Amino acid sequence: MKYILVTGGVISGIGKGIIASSVGTILKSCGLRVTAIKIDPYINIDAGTFSPYEHGEVFVLDDGGEVDLDLGNYERFLDIRLTKDNNLTTGKIYQSVINKERRGDYLGKTVQVVPHITDAIQEWVMRQAQVPVDDDGVEPQVCVIELGGTVGDIESMPFIEAFRQFQFKVKRENFCNIHVSLVPQPSATGEQKTKPTQNSVRELRGLGLSPDLIMCRCSTPLENSVKEKISMFCHVEPEQVISTETETAYAVLLVCVSHTTRFVFSGYSPKWRYGGDKLLNKVVIFYVDSADLEASTLQEEPVRYHEAWQKLCSANGILVPGGFGVRGTEGKIQAISWARKQKKPFLGVCLGMQLAVYANSTEFDPETKHPVVIDMPEHNPGQMGGTMRLGKRRTIFKTKNSILSKCTNIRHHLQVNPELKQHFEEKGFRFVGQDVEGERMEVIELDDHPYFVGVQYHPEFTSRPIKPSPPYFGLLLAAAGRLPGYLQKGCRLSPRETYSDRSGSSSPDSEIADFKLPSLAQD
């Protein structure tokens, strides 16, 4: 087993997860079996109780683990399936060590950071690195480990010490350290500054780890003289200093392996590609604050209201994602109603599906007389963390005429009231997908509409860069006017096939055709 540790310096949020994912992708393209582990030095057990404002949205794995978004990068880049044990936190480590101490596993010895915590970290990594991540059940050959935070943080010290020991335990030839650092370029001088990277590497080496590669995040390509300076003061060859001056996730992969052209870009707008014989379009995504679509905004800020509606009406398709709380929900309902009446392609995810029934919810009004959206039995509002319906679940499709036929990850605690199912279906609002027990309405579709779909689960959790999940891919096809042809051909569509855009004109090459998708944001 080979281990690659990715550390970061100077600032947090420097892109270690993208670097780790890119390195893993390169190795996998060489025929190696790759797995990944994310280490988060916070004391939380998992990411389930984090505020999205502070830490971003969580990623949900097949086993229901609520983890850092970087694990989503690993799964998407590497096309693998990870478990909650691939996300290691300080809280998990201390919890496991304290449980052992309470059982008497340490035979009355004083439990300390060294060796007990550091040993627990190493044991966890070695154990999880051997867990198969593909259907073939074969052990991985390479494990890419991302250490969250910044070198020098007090929270990450036990992990740094654990890997200082670890490199000798697994033998130095089986261990590689990639250090990701910032090379700032002040606008006043335009000069690329190496001192932050020098200090970061000096601190890392002082803690017992010496980087084998230094990935420099910078706004412009690294000058040769700057590379040589970093090489001289950081004890690496110039070839071991790599410039990653791009800002988009997939472009970093291109920088890491310049001979790869698997992903194609135009500026910072990705051209979505689904295999060699699927959709190839340039997607323009813009965001609309759903609160701006509401009547109250018209009264208070009419310009903002009209601008929001102008954006919405110019779209080829509409995505209404999940959310919590009452703010902006009325605006989302208005947008959904507009999409239904104007026959604009629409996809509602989680709350977006629930609002598609244009009704009240016990989340917004616990005393409502018409509870169309209600709490699930699993939901326990008195317990924080892991109280939603989490993980990969089966959905049973009740009709062969449904556009969708694949279930993905779930993360929700509300559901459409099953007692009202017949009332909706009499009006052409069909619940085409249900859970195995037939108690939860998971997928809705509207008759006589080009694409009006709602899913209770979160299909984005199993999307891949070249294999998007069916609900989103269906929205893209419908927005581009290509869904009927795609379905007629048995879910196959040539990327060179012509189609009509919004204006009615025909494009001879779908590669250069644009279409717009708004995502309605809500707190």
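Modeller: Contact means heavy atoms within 4.5 Å. Axes are lines fitted to C-alpha atoms, for helices over the stretch in contact, with angles from 0 to 180 degrees between N-to-C directions. Helices (H or I, at least four residues) and strands (E, at least two) are DSSP runs, numbered from the N terminus. On those terms helix α7 (residues 195–206) lies across β1 (2–8), β7 (175–182) and β8 (213–217), running at about 145° to β7.

Biologist: What kind of model is this, and how are residues numbered?

Modeller: The model is predicted: local features need pLDDT of at least 70 and side-chain atom pairs pLDDT 80 or more, while totals for chains, interfaces and linings use all residues. Residues count from 1 along each chain as its sequence is written, and side-chain values use heavy atoms, leaving out hydrogens and water.

Biologist: What is the span of α12?

Modeller: Helix α12 (residues 329–342) has 14 residues and reaches 20 Å, close to the 20 Å expected. Just after α12, K343 also has a positive phi, of about 60°.

Biologist: What makes β2 and β6 a pair?

Modeller: Two strands pair if DSSP finds at least two bridges between them. Strand β2 (residues 34–40) and strand β6 (residues 142–147) have six, in the parallel sense, so they count as a pair. In one of these bridges, A36 is partnered by V144 of β6. Helix α3 (residues 70–78) packs on the sheet, touching β2, β5 and β6, and makes about 170° with β2.

Biologist: Which order do the strands of the open sheet take?

Modeller: The order of the seven is β5-β2-β6-β1-β7-β8-β9, with parallel pairing. Strands β5 (87–89) and β9 (241–244) stand at the edges, because each has a single partner strand. The twist averages 20° from one strand to the next.

Biologist: Why is C30 called exposed?

Modeller: Its relative accessible area is 59%, and exposed means over 50% (buried is under 20%, partly exposed in between; 1.4 Å probe, protein chains only).

Definitions and conventions:
The expected span of a helix is 1.5 Å times one less than its number of residues.
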